[in-house]
Amino acid sequence: MKYKFKTQGTCSQMIEFEEENGILKNVVFHGGCNGNLKGIASLCEGKPVTEIIERLEGIKCGFKSTSCPDQLAKALKKNLQL
């Protein structure tokens with residue numbers, strides 16, 4: 001199933017992703033640091049959603065209370081009700 005998540009507190013404005021049988025696929029960040037976010041998306045591809053949440057949740061960007069990776073973890077938890 002395909003999901004969209006409007007981010008808050010980050011340079012990226014939206015994250016799109018798919019989940020199939022607990023595995024993350026096709027992650028796309030809109031806005032933000034293009035190269036870094038492509039790298040994060042690539043590293044998350046094909047990984048279990050629970051592992052991604054565990055690794056990315058709580059990461060901060062500078063003095064911000066969140067980051068694009070943290071927002072991905074929030075998106076996964078919200079949309080997949082974890």
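Residues are numbered from 1 along each chain as its sequence is written. In this predicted model, local features need pLDDT of at least 70 and side-chain atom pairs count only at pLDDT 80 or more, while totals for chains, interfaces and linings use all residues; side-chain values use heavy atoms, with hydrogens and water left out.

Helices (H or I, at least four residues) and strands (E, at least two) are DSSP runs, numbered from the N terminus. Strand 2 pairs with strand 3 (residues 23–31) in the antiparallel sense, over seven bridges; two strands pair if DSSP finds at least two bridges between them. The two form a hairpin with two residues between them, and Asn21 in the turn has a positive phi of about 55°. Ile15 stands opposite Phe29 in strand 3.

Rings of Phe, Tyr and Trp (its six-membered ring) pair if their centres lie within 6.5 Å; planes under 30 degrees apart count as stacked, over 60 as edge-to-face and the rest as tilted. This rule gives one aromatic pair. The ring centres of Tyr3 and Phe17 are 5.3 Å apart and the planes are at 25°, so the pair is stacked. Tyr3 lies in strand 1 (residues 2–6) and Phe17 in strand 2 (residues 12–20), 14 residues apart, so that the pair links distant parts of the chain. Both Tyr3 and Phe17 are buried, meaning under 20% relative accessible area, with exposed over 50% and partly exposed in between (1.4 Å probe, protein chains only).
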